[in-house]
Structure formats: structure tokens, C-alpha cells
2 protein chains.
Amino acid sequence: MTPPVINLTRGMPPVDVFPVNDLARCAETALRHDPATLLQYGRSPGYKPLREWLAEQHRVNPDQVLIGNSSLEIFAFITQIHLGPGIRACVESPSYDRGITLMRRSGAQVVGIPLQEDGLDLDALEAEIKQGPPALLYVVADFQNPMGTTTSAEKRRRLAGLAQEHGFWIVEDAPYRALRYKGQEAPTLHSLAPDRVLLLSSFSKILAPGVRLGYVIGPAETIAELARWAVDTYIGPVFPTQGMVYEYCRAGLLAPNIERLKQVYAPRLEATLEALPKHLPGATWTRPEGGFYVGVTLPQGGDMARLLARADGAGLKLTDGRGFYPVPEEGNRFLRVPFCSVTPEEIEEAMVRLARIV
Amino acid sequence: MTPPVINLTRGMPPVDVFPVNDLARCAETALRHDPATLLQYGRSPGYKPLREWLAEQHRVNPDQVLIGNSSLEIFAFITQIHLGPGIRACVESPSYDRGITLMRRSGAQVVGIPLQEDGLDLDALEAEIKQGPPALLYVVADFQNPMGTTTSAEKRRRLAGLAQEHGFWIVEDAPYRALRYKGQEAPTLHSLAPDRVLLLSSFSKILAPGVRLGYVIGPAETIAELARWAVDTYIGPVFPTQGMVYEYCRAGLLAPNIERLKQVYAPRLEATLEALPKHLPGATWTRPEGGFYVGVTLPQGGDMARLLARADGAGLKLTDGRGFYPVPEEGNRFLRVPFCSVTPEEIEEAMVRLARIV
């Protein structure tokens, strides 16, 4: 009998963590309670009660919040407005593959700045800035995708200072920030340079990705500009799901849900960090304190294309590490391990299979 | 006491026609029934059961259907893929203002072809094609926005033939097609030239706009190309609302809902066509057999900017007719009357107010 395939490709939450009953009830309640808004055209930056709730959470004004159909699409709008052929954008190297795709789609030149355990290599960033500031810098400061690392408080302060000094935008993508399993939180880049940072986040990792409910926090005039772009694109974002999520938040269900998720995910991170030295002593890896990913660098001498094929044969689905690097060859030994979507037992088994083929 | 303002700006359904209870129940049922799909990432062209249901309705294969977060956004994707700076696109003149905005945003040159009572002036279109075929032609063949006119069967055949002969895309936007109050349906352009037509439609006018649920029907390979673009933009469209709408359709509720809407809207069209000769004998207007709009051309000598200001003062909100014309001055005497969103009494009163200021 073939053992079941273990999927370590995307950062998907396991299906069994979704609070199905609560969401089903909240969807019904919301639609009955406010149908005139939720079922009508809404030429707006999102469902007003949810904007207000998010504004309170982030200690900003509601006009600093725009809600959209996924934070990825809001980032697409940002790239459409701020980037274009010949314009330079910087990313951590490695970075979120879908973010890189969108920046490139706009025609921009995407420059990777090496990522270290405590965040970007700021000397390398400063050297890059000497050639003129980039239009924007895309950063996942908390539990980075794909590395799992977190930018230190010290580097956040320097980074915020650089953005202010040289006048470029930082897009701080923070979908994992609430999922801290240990250690201490550092301030958001947004809190350090509110005029220069657009903070993206979403409900995908703390509630359910299928709602595609993302949002951005930023200066009111920049949010208004994004809102005009969004209205021109789709008139208004999908409303009934925003009503459902607002009802869920209003009822005080989100905070306990996040606590529950941490209880599920923390042991999966531990299992990953225990399995790695046992089965892959020749590799190196990050030691995240939260989020969805551990970044693994395999011993030298391997070849990604062959590895993926052999993993496939061994019942292990992996993502090509090269896709996370602006210069793909640099990711030839890199693997992202999305530990949340698999049980501790599956993680152990996955590492056994990986060791066998490395 | 000031009489209440009458709003004749956008084509919004009246709030009281939304089947709130059915939709609330369907949302809950769908989420309980298929949470593993509706709440998870779905890198796909839409919720599979709804794609299949739509495919059956349109007698195509499911791989010819892509569902998105509004048909307008799907059109945005089409413009992003097929248009660009210096590329020519044709529209009916007048046409849907938001469609024109999106084509222009891509950098395309938007050329208006005069619209007649029975559809496009095809001689003018042929003359335009002589300068090289456009990349695409955007048409609302049924109950046009903003004119209310319907393209004749004869002109549909010629139009389909031109697209095939000269190899350009027709985007057939058909959100009003199901709302016919009298007369006979003509075949869709899509049925006449399935390889050259992308048929856009949505649930906004036959169910509720807030769900932002649009779709496109086209050749499988074109749909696959659009799906890749959509996945790169937002991974997947919003799913819970698709589950809700599928549940609504599956339960057989859509057809009776459309019948109910026709009962509400048909008298509003009649009231408009009766009020116009009574109060605006010097104007001319279209005589639609369905949809949302009557197009009114005011007597000569007026001035749109002054008219809008005076209407505002008289408690009547109007949309600037110039926005519907690729060459704005041509719309200086044009008014779109979206009759569905107001009662017959309000229509009568609106025409009284309009007559007073014209």
C-alpha cells in the first residue's frame, strides 16, 4: 500500500480548524440584520462597521482602512498605481513568490536584498538606495514568508528611518503577525513610520482564506487613492462575507479563535524544529517564533529540479525554492516548510522522506 | 417641507426586492454543507458546482466559465490582458461609463461607434475596421446601458460575421438580458460566434449586486488564460458568496425571482414611457423592452452642467450624460433614466421636476 502523500507546498490552514458553525451562523445573522447594505452596490472601501472595527484594532481612523477581496489583490492595486516599466522595487530575498509575480507583472524591476535571521541586510539596502530610492520595498517583518524569520526591533527602527529619509513606500505584509507562539512582539513598521508604510493584513490565516478578506492601513489620502482605483475596478468589494466576518468579530469570537489556532500550530512548529536536526543534520534552518513557515537550506551539492521529482516519487509534495528568489538560482537549495497544514506525525514522516532523498 | 430627493444616478436595484430570507438561509446551508471548499483557498476559476450550473444554463462546458468578484473586474482583467497603450478598442457611443474608464486605464484608444435604435451603426464600424481591426469591441446587446436599446437579430449576425472575418474580440456584456418585459429575445452574439465572443454576465441585476458575483463565458483556452491572470491577482475569488448563490440556484429559486422582478420592473418602464411624452414633449427617447434604462435626449439649447445643478436644486439627482460618450460633448443633451430603482409615482414626479428645469 502506498502511504498517503504529504503536501508541503502552499501555506494553507488545515480545513479542520475553520469555525464552521460560528461562521455559518454569523453569515445568516449578518444578512438578516443589514441586507440593505450587504446585498446592495457599495461604492466604498469596505463594509463600514468592519472598517471601524479594524480601525479600532489598529488604533487608526476608519478613513485609514481599505478592505478588499484579499490582501494580495490590494497589493496588486498598489503595484498598478505605484509601479510600472523601468521602476525599481525592492524585496527581501527570498520573498513571497506571489508578491514578486505581481511586481513583475507591472513591469517593475524587482531587486532582492539579502534576508538575515533578524531581517533585511540593511547595509545592502543602503547601498541599493544610493542608486536612487526604490518606489517601494515589500517586507514581511513578522514570521516571514518563506523564511519564518522576524525583523528585530532595532532593524525595524532603522528601516522606518530609511523610508522617511529617502521617501519610499514600505509595504508591510503582516498576515502572520497575530500567530506568535513564543517570544516578544516588536512594533509594526507602520507604527514607526505611519506616513511611509502601508500595512497589509487579512483574515486568511486567523480565520479562513476562502473569505478572501484582506485590508490595508495607511495614510488617509493614500487609502482614498486606492479606494478610487478599487471602485473603478469592481465598484465595491464583496459585501456579505464582510458582514459575516464583522458579525464574528463583533461577537468577540476572533480573539479566542486565534488562541485556539496557536494551540494547534505551536506543537507543529515544535515538531518541525525537533525533526530537522534528527533527520537533516547537514541542513540549516530558521527558528521561527510563530507563523506558518520554517525555511530550510539543504546541504550543498543538490539540484532542485531532481529533488522535486524524487520527492514526488517518495510521496512528498514540495514547492520549488527558486520561486521565492528574485534571482532564482539562489534558491536552488531552499525549501519552505509550511508546518501548520500538517500534523506533528506527518511532519516527522515528511522529514524522514526528505532525508531519504536529499 | 422639502419633498424627498429622487435619485436617478446609478442602475441600482431597489433594496426591497432582495430575497433576504432565502439568501440568509442559503448562506448558512452552503457553509455548513461544503466548508472545506468554501472557507479554504481555491486557486480556481470559481466554485465548481456553480461553474457547472452556469455551464448548463449557457449550454457550454464548465471549462468555458470563469467566475469572478463582479463582471466589471473580469472586464478589467480582459483589458489588462488584451489592451495597452496605443491599442484600439471600440465601444457603442454612448456606452457604459465604467467600461470606458477601464479601457482607458489600460492606455487603449477608445473609439465610439454611433449606436442606433437597432444596435451599432455597422457601416461606421466597417469604416473603422478598414483602418485595421480593433483589439476588441465592447457591446451591450440587450437593453443597452445607457440607452436601453437592443441589437436586432440581423445586426447580431452581421456583427458576429465581422468579428470572425477580421479576427477581433467582442465582449458582450449581458447583465440585463434575463429582464425582458415584452417582445422577443434575439440570439446572443456568443451563440453566433462562440470563438470570437466573451459573454459577461452577473447576478447583480437578477439577484443582488452586493454579492459581486460575475462570470464570463468563452473559449476554453481564453478562459484558462483569464484564470491564470485571476489566480496571480487574488489566488481565488470570494467563495462563501458563490456557495450561497449556488445553493439559491440549485434550490430552483432564481427563475421565480426573475419573474418576480419583472412584475416589479415592467410597470416602472411603462410609467417612464407614459410620463415622457406628457412632461417632455420636446425630447426624444428610446423604447426599451426590458432592462434598467431609458435613454433620453433633451431638446437642443441646454447645457449639461447647468442642468445638473438645477436638477440638484429641484430635488432630482441625475448622472452627467457626457460620461457615457467617448467624446463627452456628444452627450451634452443625454440623460440616462434608470427606472427600476424608483416607483411609478416617483418616476412621474421626477419627470415633472425634470420638465420644470429643462
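This is a predicted model: local features need pLDDT of at least 70, side-chain atom pairs count only at pLDDT 80 or more; totals for chains, interfaces and linings use all residues.
Residues are numbered from 1 along each chain as its sequence is written, and chains are lettered from A in the order in which they are written. Local features need pLDDT of at least 70 and side-chain atom pairs count only at pLDDT 80 or more, while totals for chains, interfaces and linings use all residues; side-chain values use heavy atoms, leaving out hydrogens and water.

Rings of Phe, Tyr and Trp (its six-membered ring) pair if their centres lie within 6.5 Å; planes under 30 degrees apart are stacked, over 60 edge-to-face, and the rest tilted. Over all chains, 22 aromatic pairs were found by this rule. One of them joins A:Y265 to A:F292 edge-to-face, with 5.4 Å centre to centre and 65° between the planes. Because A:Y265 belongs to helix α11 (residues 254-279) of chain A and A:F292 to the loop between β10 (284-285) and β11 (293-297) of chain A, the pair ties together parts 27 residues apart in sequence. (Helices, H or I of at least four residues, and strands, E of at least two, are DSSP runs numbered from the N terminus.) Both A:Y265 and A:F292 are buried, meaning under 20% relative accessible area, against over 50% for exposed and in between for partly exposed (1.4 Å probe, protein chains only).

In chain B, B:Y265 and B:F292 also form an edge-to-face pair, at 5.4 Å and 65°. B:Y265 and B:F292 are buried too. Back in chain A, ring pairs link A:Y176, A:Y265, A:F292 and A:Y293 into a cluster.

Charges were examined as well: one sits over a ring if NZ of Lys or CZ of Arg is within 6 Å of the ring centre and within 35 degrees of the ring normal. B:K205 lies over the face of B:F292, 5.4 Å from the ring centre, and A:R105 lies over the face of B:W229, at 3.8 Å.
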